Amino acid sequence: MIRVERIWLAVDPMDMRAGVDTALARVVQVFGAARPHHAYVFANRRATRIKVLMHDGIGVWLAARRLHQGKFVWPDAQAQQLSLSLEQAHALMLGLPWQRLGEAAIIDCI
């Protein structure tokens with residue numbers, strides 16, 4: 001099991017053809033470094049696909065997810081990056097409105 005302490009969301013879209021090296025370079029560009037036990041989430045322009053780059057302390061993992069219907073709830077490009085709670089990340093991966101979740105999965109806005 002991979003331990004993830006922090007999950008970061010990159011707001012600007014990324015080309016989903018990117019492989020591990022390109023995704024890692026993008027993490028360094030946007031976040032400054034790929035830190036151990038951190039995950040970095042990117043979406044394509046239409047927000048129908050996401051890629052998650054995870055650093056497990058030894059190497060990096062790259063995972064992809066595609067929705068066949070609908071799209072991921074993605075923030076506007078007001079900030080270049082956001083930090084997500086584990087509950088928010090789980091909601092995001094399911095395509096749910098993760099911005100509504102606060103501490104302990106409490107819905108705090110509509």
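This is a predicted model: local features need pLDDT of at least 70, side-chain atom pairs count only at pLDDT 80 or more; totals for chains, interfaces and linings use all residues.
## A pocket and a ring cluster

**Aromatic rings**

- The structure holds 3 aromatic pairs, and ring pairs join Trp-8, Phe-31, Tyr-40 and Phe-42 into a cluster.
- Trp-8 and Phe-31 make a tilted pair, with 6.0 Å from centre to centre and 55° between the planes.
- That pair links distant parts of the chain, as Trp-8 belongs to strand 1 (residues 6-10) and Phe-31 to helix 1 (residues 20-31), 23 residues apart.
- Phe-31 also pairs with Phe-42, this time edge-to-face, at 6.3 Å centre to centre and 70° between the planes.
- Here too distant parts of the chain are linked: Phe-31 in helix 1 and Phe-42 in strand 2 (residues 38-43) are 11 residues apart.
- Phe-31 counts as buried because its relative accessibility is 13%, under the 20% cut-off.
- Phe-42 counts as buried because its relative accessibility is 1%.

**The largest pocket**

- The largest pocket has a volume of about 280 Å³.
- It is lined by 16 residues, of which Val-4, Met-54, Leu-86, His-90 and Met-93 are the closest to its centre.
- Strand 3 (49-55), strand 4 (60-66) and helix 2 (86-94) each provide at least two lining residues.
- Helix 2 gives the most to this lining, with 4 residues.
- By class, the lining of the largest pocket is made up of 13 nonpolar, 1 polar and 2 charged residues.

How values were computed:
Residues are numbered from 1 along each chain as its sequence is written. Side-chain values use heavy atoms; hydrogens and water are left out. On a 1 Å grid over the protein atoms alone, a cavity is a set of points where a 1.4 Å probe fits but cannot get out, and a pocket is an open set with protein on both sides within 12 Å along at least five of seven lines; lining residues have an atom within 4 Å of a point. Grid points are joined across faces, edges and corners, and a volume is the space filled by probe spheres set on the points. Ala, Val, Leu, Ile, Met, Phe, Trp, Tyr, Cys and Pro count as nonpolar, Asp, Glu, Lys and Arg as charged, and the others, Gly among them, as polar. Rings of Phe, Tyr and Trp (its six-membered ring) pair if their centres lie within 6.5 Å; planes under 30 degrees apart count as stacked, over 60 as edge-to-face and the rest as tilted. Buried means under 20% relative accessible area, exposed over 50%, partly exposed in between (1.4 Å probe, protein chains only).
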